[in-house]
Structures are given as C-alpha cells and as structure tokens.
Amino acid sequence: MEPSYNIVIADDHPLFRNALYQAVHMAVSDANLLEADTIDGLLQLLEQSAEVDLLLLDLKMPGANGFSGLTHLRGLYPDLPIVVVSASEEESVIKKAMQLGAMGFIPKSSPMKQLVTALNQILDGEGWLPEGIDLSASSPQEPGLAEKISLLTPQQYRVLVMLNEGLLNKQIAFELGVSEATIKAHVTAIFRKLEVSNRTQAVIALQQLEVD
C-alpha cells in the first residue's frame, strides 16, 4: 500500500479551507491533512511536523500579505513543495510566485473539478498553472530582496512582521515573551540581513513583497 501524503493547508478563510480539504480528499482519499490560519501557526506546525509532502499556501493571511511568507518558507524549507492558492489571480502575481520558488499556482476561483485535477498533477510531481500563463515570457525578477528575507530565522521574521504592524520593541518583547534586549538583538540582525539601517527601511523592504 502506498504511504499517504501529509498535506498542509494554510489559509485564514474557513470556507475555502473546507473546499480545499474536500478537493484534497477527492484527489487522495487517505491524505493526512493539517491546517494553519496564520503564518505564525504555519511555522510552528512545520517545526513540529516530521515530513510534509505538500504545502498549499494562501498569499494573504495574518503575518503575511503577499510574497514575504512564501520567500521566508522557501528559505527555511528549500525542499518543501509549495503551491500558492490565491484570490490574487493577475498574471504578474502568478509569475512572481513561480519566480520565488512556488511549484504551482491554483486560483481560488477554480471549480472543484479543476482543483482536484491540479492537486493530482501536483502530487504526481508536476507543476500546475492556470491556462494561458507563459512563464518563458516573464522578465527575470531581481532575486536580491526575496533572498534576504529568506535568510531570516522564524523569530526574526515574526519580529519584522510586528515592526510592520507598528509595534515598539517593548510591545514585541511582551507579545513574544522575551526580553527587550533580545528583540533589539533580533532587530539588529534583521537590519544586517536586509542590508538596511533603520526600521522604516526594513518595513519598506517587507512591503515590497506585498500583494495589493
């Protein structure tokens, strides 16, 4: 008997998570499904899970609005197959997701039958894209910023997201249950890795990877 797949669904909309859940079970009846509704929850889940065969990732969920979550995960788990499932279906978004390391892109508007077809193809080791997307015509993306974000540790990424939310070091320290000195050390490391010199520049760097 073939081993079942461990598949993670990361999406903050319960209704769509449920639709994906159904589609996965139609594609692979014995799949072991795990769910996360925030980037932080997803990071914790991946840290605790021994082997994940596929991650279905929404671009917009608490802790990430756009490509920062994808690039961070790509850096932490370079061998993890990640398929973006998103309501942002513009060709430029699809191309950028693929350039940043996704192995496929499934629009949220896809009917159930198409979701199942896409998942079957992806689990067979092939990528999947909506019809009419020509990756060969895409302009090469400057990899610099995405690569820098991917160098952050999970805790540094959490701190950067909180900086983006406008929290002060002392508030971040309280939220994460660590000392303010620890947060200052994280912030210094973030500046070094992103090659910026202040909080504003760090936040702008993160926002460049957001999706409107």
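User: Happy to look at this one with you! Into which domains is the chain divided?

Analyst: Keep in mind that this is a predicted model. The chain is divided in two, and the parts are domain 1 (5-124) and domain 2 (145-208).

User: How far apart do the C-alpha centres of domain 1 and domain 2 lie, and how many residues does the contact take from each?

Analyst: Good place to start. The C-alpha centres of the two domains are 25 Å apart. As for the contact, domain 1 puts in 15 residues, and the number from domain 2 is 11 residues.

User: How much area do domain 1 and domain 2 bury between them?

Analyst: The size of an interface is often given as the accessible area lost when the parts come together. Here 59% of the buried area is on carbon and sulfur atoms, and the area itself is about 940 Å².

User: Which residue forms a salt bridge with E47?

Analyst: A search of the whole structure gives 7 salt bridges, and the count between domain 1 and domain 2 is 2. E47 lies in helix α2 and its partner in helix α7 (residues 154-164), so the pair ties together parts that are 111 residues apart in sequence. With the closest N and O atoms 3.9 Å apart, the pair falls within the 4 Å cut-off. The partner of E47 is R158.

User: Which helix gives the most to the side of domain 1 that touches domain 2?

Analyst: Two helices, α2 (39-48) and α3 (68-76), each supply at least two residues of that side. By class, the side has 5 nonpolar, 7 polar and 3 charged residues. The top contributor gives 6 residues, and that helix is α3.

Technical notes
Residues numbered from 1 in each chain as written. Predicted model: local features only at pLDDT ≥ 70, side-chain atom pairs only at ≥ 80, totals over all residues. Heavy atoms only, no water. Domains from an automatic or database assignment. Contact = heavy atoms within 4.5 Å. Buried area = accessible area lost by both parts, 1.4 Å probe. Salt bridge = Lys/Arg side-chain N within 4 Å of Asp/Glu carboxyl O. Helix = DSSP H or I, 4+ residues; strand = E, 2+ residues; numbered from the N terminus. Nonpolar A, V, L, I, M, F, W, Y, C, P; charged D, E, K, R; others polar.
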